[in-house]
Amino acid sequence: MLLGADGYPHPGLAAYAQLTHVLEGKTFVRKTALGANRFVYLFAGRGGTCAVLCGQRDAQLPFPQDPAIRWTDLFGNPLIDSATLPGTMRYAQSALSPEELEKRLVRP
């Protein structure tokens, strides 16, 4: 169901491709609450650590400017500042340990 009725790829295909790319070779570490209806899911393994941040549509998710964290959106586009945040899901990739990445996200 990743193709539209017209036969062209649905935008969900690009989102799914990014999800599989950032999580490939990683295992789930834990889920941490960031407040009401906001969560971070941590994965670690080959290539470092990845945090998947998500929440309700208007959730205020952390976005610390840290040289050790590379931010991307749902489709893999780089996020430079909070003004570029579309929607409510984003990825934080890093060579930091899951514990250190979590600490920087929970207490930016």
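How many disulfides does the structure hold? In this predicted model, the count comes to zero disulfides. A disulfide is a covalent bond between the sulfur atoms of two cysteines. For C50, the nearest cysteine sulfur belongs to C54 and lies 11 Å away. Since a disulfide requires two cysteine sulfur atoms within 2.5 Å, C50 is in no disulfide. C54 is likewise in no disulfide, with the sulfur of C50 as its nearest cysteine sulfur, at 11 Å. C50 counts as buried because its relative accessibility is 0%, and buried means under 20%.

Five strands form an open sheet, and their order is β1-β2-β3-β5-β4 with antiparallel pairing. The edges are taken by β1 and β4, each of which has a single partner strand, so one side of each is left without a neighbour in the sheet. From one strand to the next, the twist averages 20°. Strands of a sheet pair through backbone hydrogen bonds, either parallel or antiparallel.

Strand β3, spanning residues 48-55, is joined to β5 by five bridges, and the two run antiparallel. Within this pairing, L53 stands opposite R90 and V52 stands opposite Y91. Strand β4, made up of residues 70-73, is joined to β5 by four bridges and also runs antiparallel to it. Here T72 has Y91 as its bridge partner in β5.

Charged side chains come next. Side chains of opposite charge can pair when their charged atoms come close. The structure holds six salt bridges. One of them is formed by R30 and E99, whose closest N and O atoms are 3.8 Å apart. This pair links distant parts of the chain, with R30 in strand β1 and E99 in helix α2 (residues 98-106), 69 residues apart. R30 counts as partly exposed at 26% relative accessibility, and E99 counts as partly exposed at 47%.

Together with D66, the residues E100, K103 and R104 are linked in a network of salt bridges.

On the surface, L2, L13 and Y16 form a nonpolar patch with about 260 Å² of accessible area together. Y16 sits in helix α1, which covers residues 11-23, and is partly exposed because its relative accessible area is 47%. N37 is found in the loop between β1 (26-33) and β2 (38-45). Its phi is near 55°, a positive value in a residue other than glycine. N37 is partly exposed, with a relative accessible area of 40%.

Note on methods: Residues numbered from 1 in each chain as written. Predicted model: local features only at pLDDT ≥ 70, side-chain atom pairs only at ≥ 80, totals over all residues. Heavy atoms only, no water. Patch = residues over 30% accessible without salt bridge, like charges linked within 9 Å, V, L, I, M, F, W, Y side chains within 5 Å. Areas by Shrake-Rupley, 256 points an atom, 1.4 Å probe, with all protein chains shown as cover. Salt bridge = Lys/Arg side-chain N within 4 Å of Asp/Glu carboxyl O. Buried < 20%, exposed > 50% of the residue type's maximum accessible area, 1.4 Å probe, protein only. Pairing = 2+ DSSP bridges. Axes fitted to C-alpha atoms, helices over the stretch in contact; angles between N-to-C directions.
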